[in-house]
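Dear colleague,

I am handing over the structure we spoke about, and I have set out below what was found in it. Please read the notes with the coordinates open beside you.

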Amino acid sequence: MVPTDVIAKTIGVHGQSPNMVDYAAERAGFRWQDARQALDGLAGGGLNIAHEAVVRHARSDRRDHVALRCRDRHGVRTEMTYGALDERSNRFANVLDGLGIGPGERVFVLLPRNAQLYVVALGTLKNRSVLSPLFAAFGPEPIRQRLGIGAGSVLVTTPTLYRHKVASVREQLPALRHVLLVGDGAPRSTPAPPGTLALADLLDAASGDFTIGPTDPEDMALLHFTSGTTGTPKGAIHVHDAVVSHYATGRIALDLHPDDVYWCTADPGWVTGTSYGIIAPLVHGVTTVVDESEFDAERWYQTLEREGVNVWYTAPTALRMLMQAGAEMAAAHDLRALRFVASVGEPLNPEVVRWGRDVLGVAIHDNWWQTETGGIMVANYACMDIRPGSMGRPLPGIDATILTHDDQGRIVLGPDDRAVEADVGVEGELALRPGWPSMFRGFLGDAARYRSCFAGGWYLSGDLARRDEDGYFWFIGRGDDVIKSAGHLIGPFEVESALMEHESVAEVGVIGVPDALLGEVVKAFVTLKAGYSASVELRLDLLGFARRRLGAAVAPREIVFDPHLPHTKSGKIMRRLLKARELGLPEGDTSTLELPS
Ligand code: ATP
Ligand code: MG
């Protein structure tokens, strides 16, 4: 995709100079070792995420700085300082220790986004146990499946979630020794259900002092399940050294400054909710907004305005929904505190980037990464012009490339077994040179699958992309989603973005359907904006619109209207499900499917 327009960098918004002012210079001088030096490390050597996220601030003059500013479902605000977060998480670490839960044991968390989540997450890491967050919206089967794969020893949840989602599968989880319940408004005197413990009582009885034991940077710290967009979710293992990546990317890709108010809207059950909802902002000592409620356009604008959010990390689906809510709603709010907005999880349509500039007053910076990479890998930075539709350039310290495939989809290897890198503009698989701190160290219980992610000295992302002459990366699609039609390789994103430019379109999912002549043809499922209704005329108009923009070879042959595209609970369009339904095939793993409310 040749860039049609460029949004010039806006350095010095609110007089704040970005942490990285010159991409090329930072890249040339970057060493992970230096990033590691910016952290404390443990007194006796070693590295522990919780120490960097909270202990070192609690022992400094940032002790009384607000770490968490929480809004519950009813809009009630509470704050927790770094000192208080340190003390509360010490108590949780002592609770685990008192229950005989040791280093390496898995602690699963099934909680809404609230302060308790942070206390539990940090206490778990202090105890050197492994944190594994789950989506609170999961049903019993996905919970059982993940607790089973992870052999969870402890589950922390609420009485309601326990009753509805865990009690029925508890007997199938022999490794699960303790279920700790966080109050969800029920009176403290209500007895905990059989086989569970009331966490509030345990925390009250525990000591607020805790010393983190020796932690090797390679010790397992986090177990994150992938979103399951392409199949059964995998459990990606991350280690304490990942905090070095969280720190570096928080500085460079999110441009966090110490006095920032920061809001990450990702669900805690997704890797972004931990890497950038918990760890990166705390490591930088900023104030994090923790909003318990789900998406609501008016409420989100209120949160941005009332909390004075400076740095905002969100996702394309949410941004598209804000666009749908209309520019008037945005204009009714004072969003001038916003300095830097970033997006991840799905391709960010150029239309949305420009909408950000025009309506929010700040362009939106797309970035790319995966559960497996543990942290941001390719990004648009504050100091760099944005090419709308591009994911940006590799993080300093990250060596990214595009690899060439043969007809069978295999990576082309050179005579020395090194993978052959594609030329500028050529479509291929986005690959990364292994070795950054937050890279996953395995898929739990699936060594073969882990090995299959590497070839010719590269980590293979499974995503197709191309690189332009200035080193900007352009997303084409997931390897599995790419459409092959009459010898063309068509990325769903390109087609979806073109249709998004039509005034009636709120969201689009594009798939390939088999065609005897062409191999596959492009089919689009379109959700219309409020105020538009499906009609034959509109369908023809959209077909013509796409044809003019994309050309006949790439434009959809077929368009259907669909008011509810299937999404994962993390907000991604599940194209494989659109395809399975279209072809009457089994739907496969739907544990992360968001059910329409
Ligand atoms: P699974 O691996 O189980 O199929 P998943 O790949 O959706 O699920 P995640 O690790 O949560 O699970 O998502 C990472 C993927 O999301 C990337 O590989 C990419 O396909 C997509 N993605 C993330 N950010 C972007 C982006 N900025 N642009 C385009 N795609 C993105
Ligand atoms: Mg994936």
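Please bear in mind throughout that this is a predicted model. I begin with a pair of residues in a sheet: Gly509 stands opposite Phe525, the latter being in strand E26. Strand E26 covers residues 519-528 and is joined to E25 by 10 bridges, the two strands running antiparallel.

These two strands belong to an open sheet of 3 strands, in which the order is E25-E26-E27 and the pairing is mixed. Because strand E25 (505-515) and strand E27 (558-561) each have a single partner strand, they stand at the edges, and one side of each is left without a neighbour in the sheet. On average, and with direction ignored, neighbouring strands of this sheet are turned by 25 degrees against each other.

Two helices lie across this sheet. Helix H16, which spans residues 492-500, lies across E25, E26 and E27 and runs at about 140 degrees to E25. Helix H17, made up of residues 536-550, likewise lies across E25, E26 and E27, its direction being at about 135 degrees to E27.

Definitions and conventions:
Residues numbered from 1 in each chain as written. Chains lettered and ligands numbered in written order. Predicted model: local features only at pLDDT ≥ 70, side-chain atom pairs only at ≥ 80, totals over all residues. Heavy atoms only, no water. Pairing = 2+ DSSP bridges. Helix = DSSP H or I, 4+ residues; strand = E, 2+ residues; numbered from the N terminus. Axes fitted to C-alpha atoms, helices over the stretch in contact; angles between N-to-C directions. Contact = heavy atoms within 4.5 Å.
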